[in-house]
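Subject: Structure for your review

Dear colleague,

Please find below the structure that I am handing over to you. My notes on what was found in it follow directly after.

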Amino acid sequence: YFSFDTRESLLYRDGAGQIFALQNGISFLGLTGAPGQPVVAYSQIEYLDLTLRSKIYVGSIQTLPSAAPIKVIDDPESWAVRPILLQAENGLPTKVWYTRMAYGIGGDIVFEPRKGLFLLDVATGQVDTILNNDASPWSISPETNWVAYSTGDWQTGPMCIKNLGTGAELCFPLLPASDSRGAGDAFLSPDAQYLAWMEGDGAQMAEVPTFKSTVRVGQNNGAIVADLPMNAFESAAGVGLISRAAPMAWLDNQTVIVQARGHDWDQAVLLRYNVISREIPYL
């Protein structure tokens, strides 16, 4: 994990609770791993005179302290590389899936601005384009056969899924109120049968905020399973009125974790939603 203290360090805590610094003094972005294997990937960001430089690192706890970047990418428009998924075989990194995100910007941004999905071969350094710049990728299934992405400038379009094996894709129509803010923050279930994502409406930074979020769950055949407005999580969260709710991950093939925030941003609560029982207990 990364600590934004004065030294800005990538840290590791072992089973005995001891903490070790793997790297210090880096501008860090996008830690991700290979499911079930002890290797990770991340980017280091560096501002140069005329460009933003992204350095992609992969490795294990043992190799990261002395690791060199496997790829260096310069972008004069300040789009930074964010790794999304790392593939590995027998504990050795093989491929890095990454997107590019607008770095260092502010404003009333609902979803992190992303564009394009790319696949980097660790051995050869070759990069293949999986999705073009008009797509904003959010989630890749563990078997790397499905990807979830939103469309349109600044994620104002609907949430879509694509089968990378067959090329088949479909989009879930936006809720009527979501036309201006779009869809994002999506997570595919481990078996890729379900997709959970958030759609937004209104302004977050108005003098009186009007923002509302809806957590939606769909199936990979295009069916909508649930539309959960943020106030649906108030009773289980126990922090009063909810200002935002969004999916975070899947516990299993039927249970998605949802984070709900109160009007005090530090009031963050994790809840579960089961697509079969439709229950929303506290986590």
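Glutamate 199 and arginine 216 form a salt bridge, with 2.8 Å between the closest N and O atoms; the term denotes a side-chain nitrogen of Lys or Arg within 4 Å of a carboxyl oxygen of Asp or Glu. Because glutamate 199 lies in strand 17 (residues 194-201) and arginine 216 in strand 18 (residues 212-219), the pair ties together parts that are 17 residues apart in sequence. Strands and helices are DSSP runs numbered from the N terminus (strands: E, at least two residues; helices: H or I, at least four). Glutamate 199 is buried, and arginine 216 is buried as well; buried means under 20% relative accessible area, exposed over 50%, and partly exposed in between, with a 1.4 Å probe and protein chains only.

Please note that this is a predicted model, in which local features need pLDDT of at least 70 and side-chain atom pairs count only at pLDDT 80 or more, while totals for chains, interfaces and linings use all residues. Residues are numbered from 1 along each chain as its sequence is written, and side-chain values use heavy atoms, with hydrogens and water left out.

Salt bridges

A search of the whole structure gives 8 salt bridges. One of them joins arginine 244 to aspartate 185, whose closest N and O atoms are 3.5 Å apart. Arginine 244 belongs to strand 20 (residues 242-250) and aspartate 185 to strand 16 (residues 183-188), so this pair ties together parts that are 59 residues apart in sequence. Arginine 244 and aspartate 185 are both buried.

A further salt bridge is that of aspartate 74 with arginine 53, at 2.8 Å between the closest N and O atoms. It links distant parts of the chain, since aspartate 74 is in strand 7 (residues 71-75) and arginine 53 in strand 6 (residues 52-59), 21 residues apart. Aspartate 74 counts as partly exposed at 39% relative accessibility, and arginine 53 counts as partly exposed at 25%.

Disulfide

The whole structure contains 1 disulfide, a term that requires a pair of cysteine sulfur atoms within 2.5 Å. The disulfide joins cysteine 160 to cysteine 171, with an S to S distance of 2.0 Å. The link is right-handed, with 95 degrees about the S-S bond. Cysteine 160 sits in strand 14 (residues 159-163) and cysteine 171 in strand 15 (residues 169-172), 11 residues apart. Cysteine 160 is buried, at 0% relative accessibility, whereas cysteine 171 is partly exposed, with a relative accessible area of 43%.

Strand pairing

Two strands are taken to pair if DSSP finds at least two bridges between them. Strand 2 pairs with strand 3 in the antiparallel sense over 5 bridges, and leucine 11 has alanine 21 in strand 3 as its bridge partner.

Strand 12 (residues 135-140) is mostly covered, 6 of its 6 residues being buried. It runs antiparallel to strand 13 (residues 146-151), to which 5 bridges join it; proline 137 has tyrosine 149 as its bridge partner in strand 13. The hairpin of strand 12 and strand 13 has 5 residues between the strands, and threonine 144 takes a positive phi near 55 degrees there.

Strand 10 (residues 114-121) and strand 11 (residues 127-131) are paired in the antiparallel sense over 4 bridges, with valine 127 in strand 11 as the bridge partner of leucine 120. In their hairpin, which has 5 residues between the strands, glycine 125 takes a positive phi near 80 degrees.

Yours sincerely
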